[in-house]
Amino acid sequence: MNHFNYRENDLYCEDVAVKEIAQKVGTPFYLYSHATLARHIRHFQKAFAAVPHLVCFSAKANSNLAVMKVFVNAGAGVDIVSGGELFRALRAGCDPGKIVYSGVGKTEDEIIAALRNGIMMFNVESAAELEKINEVAGTLGVKAPIALRVNPDVDPQTHPYISTGMKKAKFGINIAQALEEYQRAQSLPHIQVVGVDCHIGSQLTSLSPFVDAIAKIRTLVSTLKAEGADLRYLDLGGGLGITYNNEMPPDLEDYAAAIQKATSDLSVTLVFEPGRVLVGNAGILVCRTLYVKKGEIKTFVITDAGMNDLIRPSLYGSYHGLMAVDRSVDERGTMVADVVGPICESGDFLAQDREIPAFETGDLIAVTSAGAYGFTMSSNYNSRPRVPEIMVQGERVMTVRQRETFEDLVRGETIPEDI
Ligand code: LLP
């Protein structure tokens, strides 16, 4: 459920007409619904209310400070993968004791910053990284709380670019070596083993990969406990999918029930790192039709948003819905067209061969399900300033990130003398 609905012919975000925001801030822009964000985090937490748990929002999906603050206000932690995300999480007011740090390439500086701030745990992805964290913690005179990210070798049945839990992936430590690595971790003086971690992929639309992964790692959890490890956390990552088009992802309640059933005897606090399921359908990208170009074979709707603003269709062939912001456009009937951006790349499209309303120059288009991995993956390619992020709460319209200017584009650049 989300709060983007039509009133008469106008698309609204909560109590504000999208066209009014477009008039004020120009296009393109990302638009987030506060009520949807708040509802999604509460829903997730409620589904696990019966067991000790912590939801750590995966910042990579949407790291806008105001978005993170909505989750922090609800008591959530943050899952980070870089020093930049640590900075953002802290700036959004997240308790460092609720921050988990994943990622295969943490640098020394990033490890130092995380230790100094007292994060909850590092999810360690290799033996070499474990050594490094031990060494850095030693220099700082502290013990680093860690979980090993275990790769359970299950196929999440999703796009290959977002599958992470198979043997061939760069992520995690192979389940067959995990026990040995844990024993080594236990022997390191500046490491404190506190958990087991596993994340198998993103946009999962069935429960079985989650259940299979738990089946594989639960023995490890019990063995480690039996060996005396003070194991407090079982981090099950993120990955729950959403509906972009006609996918039927599991209900949160079913996901929670399956996980609780598979972990009920383990006496651990469950940690989750959801990204997409919290923010994906809480955001849209609003753009304007610049031109309609009828080629010999295809019709192109050229919009002012391109692959630099939303790269998912180009990168993964992802589907995003396209809605007329003014629904009276639908009265013109439909056409089959490619919806493309202004970028000089043939791969620059929002949709291909799609049946859409017969858009004309000037029409506003809402690109749906764009709240996750939309703005965070956007870039300045073709020297295009990144678009603003707007949040609506009831009747309130807040600019939570300004549109970049041309000056922003060249910030930090210099022309050396005499070149
Ligand atoms: N935890 C870890 C360790 C992850 O690698 C990820 C996502 C998450 C949590 C959050 O997963 P989620 O709940 O959002 O599925 N750019 C791609 C998605 C990349 C996902 C990377 N890792 C996309 O636009 O579909």
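Colleague: How far apart do the C-alpha centres of domain 1 and domain 2 lie?

Modeller: The model is a predicted one. Its protein is divided into domain 1, residues 4–32 + 280–410, and domain 2, residues 34–276. The separation of their C-alpha centres is 32 Å.

Colleague: What area do domain 1 and domain 2 bury between them?

Modeller: The contact draws 23 residues from domain 1 and 22 residues from domain 2. Of the area buried there, 56% lies on carbon and sulfur atoms. The total buried between the two domains is about 2,000 Å².

Colleague: Which residues of domain 1 lose the most area to domain 2?

Modeller: Three residues of domain 1 together account for 27% of what that side buries. They are Y316, Y319 and Y373.

Colleague: How many residue pairs are in polar contact across the interface of domain 1 and domain 2?

Modeller: Salt bridges across this interface number zero. Polar contacts are found there, counted with both residues at pLDDT 80 or more. The number of such residue pairs is 13.

Colleague: Which element gives the most residues to the side of domain 1 that touches domain 2?

Modeller: By class, that side of domain 1 has 10 nonpolar, nine polar and four charged residues. At least two residues each come from α11 (312–316), β20 (389–393) and β21 (396–401). With four residues, the element that gives the most is β20.

Colleague: Which residues are linked with K132 in a network of salt bridges?

Modeller: K132 and E135 lie three residues apart in helix α6 (residues 127–140), about one turn of the helix. Their side chains meet in a salt bridge at 3.5 Å, N to O. The network contains K132 together with E108 and E135.

Colleague: What is the relative accessible area of R232, which forms a salt bridge with D230?

Modeller: The closest N and O atoms of D230 and R232 are 3.6 Å apart. D230 counts as partly exposed at 47% relative accessibility. R232 is also partly exposed, and its relative accessible area is 33%.

Methods. Residues numbered from 1 in each chain as written. Predicted model: local features only at pLDDT ≥ 70, side-chain atom pairs only at ≥ 80, totals over all residues. Heavy atoms only, no water. Domains from an automatic or database assignment. Contact = heavy atoms within 4.5 Å. Buried area = accessible area lost by both parts, 1.4 Å probe. Salt bridge = Lys/Arg side-chain N within 4 Å of Asp/Glu carboxyl O. Polar contact = N/O pair within 3.5 Å; in protein donor to acceptor, adjacent residues only side chain to side chain. Nonpolar A, V, L, I, M, F, W, Y, C, P; charged D, E, K, R; others polar. Buried < 20%, exposed > 50% of the residue type's maximum accessible area, 1.4 Å probe, protein only.
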